[in-house]
Amino acid sequence: MTASSSSFLLKMKNIHKSFSGVEVLNDVRFDLYPGEVHILAGENGAGKSTLIKILGGVYTDHLGSVEVNGREVNFKSVQQAFEAGISIIHQELSLIGELNVAENIFLGKEKSSYLWLKKSQMLDYSEQFLSKLGLDINPKDKMQDFSIGIQQVIEIGKALAFNAKIIVMDEPTSALTEPEVEKLFAIIEQLKQDNCGIIYITHKMEEIYRIADRITVLRDGKYIGTETAGKLPSEKLIQWMVGRELNQQFPRHIRSIGDVRLEAKNIFVPGTASSPAPRVDGVSFQVRAGQILGIAGLEGSGNSDLLNGIFGSFGSGAKGAIKIDGIEFKIDNPDKSIKRGLALLTNDRKKNGLVMNMNIVENVTLASLSGFSPGYWLRPKSERTNVAVTTRTLELKAESIFQCVDSLSGGNQQKVVMAKWMQTNPKIFLLDEPTRGVDIGAKHEIYELMNKWTQEGIAIILITSEMPELLAMSDRILVMHRGRIAAEFTSEQASQEKILSAALGERKTA
Amino acid sequence: MSKLMANKKYSLLFSPTIRALGALIIVFLIGLIFNADGAFYKWGTHRDMLRAVSVFGLLACGMTLVIITGGIDLSVGSILGLTAVSFSLFCIHWSRPFYIAIIGCLLIGLVCGALSGFIISRFNIQPFIATLAMMVFARGLAKWVSGGQKISTAVQQADGTYEYVPVPDVFNFINSKILWNNISVVTIIFLLCLLICAVLLIKLRPGRYIYAIGGNEEAARLSGVPVKRIKVLTYALSGLFCAVAGICQACQELQGDPEAGFTYELSAIAMVVIGGTSLRGGRGGIWLTLVGVLTIGYLEKILSINAVGEDKRLMLTGAIIIAAVLLQKTRKS
């Protein structure tokens with residue numbers, strides 16, 4: 001053991017890993033000092049999650065060495081990694097809604113004497129750790145009563161309760177609202193002071209430069225480089241990640257705006273049993289052919305519900321007067337909406353965008369299957385040729401069009417969803433977080449697609465939680481707050497500050 | 001490139017179809033070894049096995065459709081009993097022509113299934129519960145229409161005496177063997193229904209929708225798939241196949257027993273699962289179910305020609321179910 005290696009909290013080197021003969025990590029290295037945030041960057045499929053899974057003891061058949069606190073380790077299970085102080089906070093939370101906070105924190109590690117649980121002791125411990133994280137919550141409350149953001153923080157608390165020294169966060173902010181993100185960053189700051197090392201994975205540029213101390217980039221399973229954040233400007237970072245130069249991050253071209261495509265008046269979406277306030281309360285707007293209308297709003301503002309309501313996801317529960325190309329349209333169900341030229345890309349493709357165990361062809365033709373099956377008989381040949389053409393225009397990367405979608409990367413999955421809606425020839429495309437969980441190269445391609453669609457006269461309504469994207473791509477921006485429109489801006493007027501203050505519900509005299 | 005090829009070969013070798021076939025082949029080989037003095041080499045043994053599994057196979061056809069949507073149909077055994085009784089009533093007691101009896105029974109099955117499907121999709125009730133209710137209800141209905149008696153050719157007269165009426169021709173026909181005594185009519189009926197399911201699942205639009213609903217119901221709904229209609233259709237078809245099975249059962253037993261089909265739903269589920277169709281929905285297929293039906297059929301036949309008692313047969317069948325499902329499971333690791 002040398003003196004220099006002992007100052008590292010973690011040192012991974014010469015890591016190789018292959019899946020049934022296909023190499024996914026090739027001589028990768030990574031290290032981590034105590035008290036730093038080390039960003040692990042790279043496009044989807046670069047090998048980030050594989051590396052993390054090796055660290056976390058999920059994969060055990062890799063080559064190379066892993067040292068924790070200067071000591072060579074060889075984890076054989078997740079449990080062993082956890083005991084060595086490594087805690088991984090996954091994108092999908094592993095909390096159980098029906099159990100209370102303390103029970104979740106101690107899940108699988110309950111304090112007990114023989115069979116009897118030491119409940120009060122666990123409750124006290126939990127309260128202690130949560131207050132350390134600045135959370136004033138009762139550990140007896142059920143997990144499902146908290147927002148995703150709070151749950152995420154509780155998950156971190158769970159890591160700390162067991163003295164985790166290396167904390168891995170995999171896109172922790174993807175489901176968080178702006179204030180929750182701030183809270184998370186404050187906690188990260190505190191963890192740094194406690195000499196924890198944090199490995200942070202994200203696709204959001206602004207986050208990288210806000211919290212990074214160092215950045216390591218992987219590409220196609222290879223180590224590209226490590227640099228302190230200050231010495232790695234974003235252009236260079238992107239270049240490292242994609243291996244080519246992207247001259248423009250957000251390429252919104254000249255717009256050719258036509259007639260009104262969609263006119264919505266007094267859209268109303270009722271609340272749910274648990275929160276009876278209407279999710280969308282009397283929203284009216286217009287969007288023209290070739291236009292991109294951005295709808296900003298924090299989580300719970302109702303912007304996503306607005307798109308779903310118009311599309312008929314809630315059935316006829318959503319009310320309001322809608323005209324498409326000047327013709328009245330009654331909200332009923334997705335089937336009817338699709339026939340009238342609406343398409344909705346939902347914000348969670350795994351949950352409700354794709355049938356994960358079907359192949360690309362079956363997913364792409366799902367929304368337009370009647371066109372491929374006159375008289376109910378499927379026409380596999382015409383399905384194939386059509387899908388092949390569409391996927392080629394989208395530059396979808398797959399072994400074949402019969403590949404199962406769950407083995408595709410996030411960006412390519414999103415392209416499958418887009419291909420599905422392109423097959424329906426939509427007039428109005430409702431895009432709810434189209435670039436969520438998509439790598440930078442694919443993001444760029446999605447922006448180009450949006451440009452292409454608007455040139456063809458399609459109207460787009462865009463929701464995105466990434467402010468720079470919203471500002472750059474939208475021609476007009478509506479800001480929603482508590483189910484109502486709080487402000488409207490043209491693309492020239494809009495700024496990040498103005499949108500955020502409107503979204504937070506601040507009234508401005510201007 | 002060679003790596004890719006190897007990969008493909010590997011995945012083909014361990015595809016669900018091959019794995020399911022593996023279990024069948026093993027059972028078949030056991031039959032070749034323990035052939036009971038050559039009984040297993042005779043076509044007659046195989047013909048009788050096919051005849052014995054046909055009624056179960058018919059139930060498994062509908063069950064496969066339902067399970068692929070992510071549902072389950074517990075009412076198949078009861079609907080079989082109800083239609084077996086109804087068929088006997090139509091043909092023997094009321095002396096209706098066979099085509100009226102067949103159409104009537106098919107309608108009864110169809111309506112029972114469609115009702116389950118309607119309750120499931122309209123009121124969002126779990127398939128397990130809705131079809132459990134239908135299972136109890138249909139059994140009750142079978143007992144009510146039959147007065148709790150087996151409907152046989154011994155017809156009670158006004159004076160209380162029993163008189164034997166001749167067995168209707170349709171019973172004898174369905175219960176017969178054709179092609180020079182080489183195959184049972186019920187087996188032909190089963191294979192026809194299997195073919196119908198295969199066409200539906202592989203060639204027709206609703207079949208694609210059935211898989212999509214099982215794979216991700218919400219994504220299917222948001223893609224414009226008429227989820228409710230497809231679900232009603234699936235359960236209705238399951239009911240229809242139950243009715244076909246009920247008619248066959250009545251003909252084989254030469255009577256309509258209101259208790260017929262008791263616990264058959266579990267055998268049907270076992271056959272579907274052994275084939276490799278996932279109870280979680282979205283994965284599986286009708287040919288896999290054929291493999292499952294044959295696996296159980298051969299297993300039982302081999303054990304019975306070797307004079308293994310029912311006790312041991314049941315225990316072995318239980319073990320085979322677990323073994324077959326384990327075979328399917330190791331696929332992903």
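User: What counts as a contact between two residues here?

Analyst: Two residues are in contact if their C-beta atoms, placed from the backbone, lie within 7 Å. The model is a predicted one. On this criterion, 27 residues of chain A and 24 residues of chain B make up the contact.

User: Which helices of chain B each supply at least two residues of the side that touches chain A?

Analyst: They are helix 1 (2–13), helix 9 (205–215) and helix 10 (217–222) of chain B. Helix 9 of chain B gives the largest share of that side, six residues. Sorted by class, the side of chain B that touches chain A holds eleven nonpolar, seven charged and six polar residues.

User: How is the size of an interface often given?

Analyst: It is often stated as the accessible area lost when the parts come together. For this contact the description is by residues: 24 from chain B and 27 from chain A.

User: How should I read the packing of two helices, and at what angle do helix 5 and helix 6 of chain B pack?

Analyst: In an α-helix there are 3.6 residues a turn, so residues three or four places apart point the same way. Helix 5 (residues 98–123) and helix 6 (residues 127–146) of chain B pack at about 145 degrees, and their axes are 9 Å apart. The crossing of helix 5 and helix 6 of chain B is right-handed. From helix 5 of chain B, Cys112(B), Leu115(B), Ser116(B), Ile119(B) and Ile120(B) take part, meeting Pro127(B), Ala130(B), Thr131(B), Met134(B) and Ala138(B) of helix 6 of chain B. The residues of this contact comprise eight nonpolar, two polar and no charged.

User: What span does helix 11 of chain B reach, and how many of its residues are buried?

Analyst: Helix 11 (residues 227–253) of chain B reaches 39 Å from first C-alpha to last, close to the 39 Å expected at 1.5 Å a residue. Of its 27 residues, 23 are buried, and helix 11 of chain B is mostly covered. Leu254(B) follows helix 11 of chain B and has a positive phi, near 55 degrees.

User: Why does Gly282(B) count as buried?

Analyst: A residue is buried if 20 or more other C-beta atoms lie within 10 Å of its own. Gly282(B) counts as buried because it has 23 C-beta neighbours inside 10 Å. Gly282(B) sits in the loop between helix 12 (264–275) and helix 13 (286–305) of chain B. The residues Gly282(B) touches include Val355(A) and Asn357(A), as well as Tyr211(B), Gly214(B) and Gly215(B).

User: How is chain A divided?

Analyst: Chain A has domain 1 (3–242) and domain 2 (256–340 + 464–510). The centres of domain 1 and domain 2 of chain A, taken over C-alpha atoms, are 36 Å apart.

Conventions: Residues numbered from 1 in each chain as written. Chains lettered and ligands numbered in written order. Predicted model: local features only at pLDDT ≥ 70, side-chain atom pairs only at ≥ 80, totals over all residues. Helix = DSSP H or I, 4+ residues; strand = E, 2+ residues; numbered from the N terminus. Nonpolar A, V, L, I, M, F, W, Y, C, P; charged D, E, K, R; others polar. Expected span 1.5 Å × (residues − 1). Buried ≥ 20, exposed ≤ 12 C-beta atoms within 10 Å, placed from the backbone. Domains from an automatic or database assignment. Axes fitted to C-alpha atoms, helices over the stretch in contact; angles between N-to-C directions. Left-handed = near helix turned anticlockwise from the far one by under 90°.
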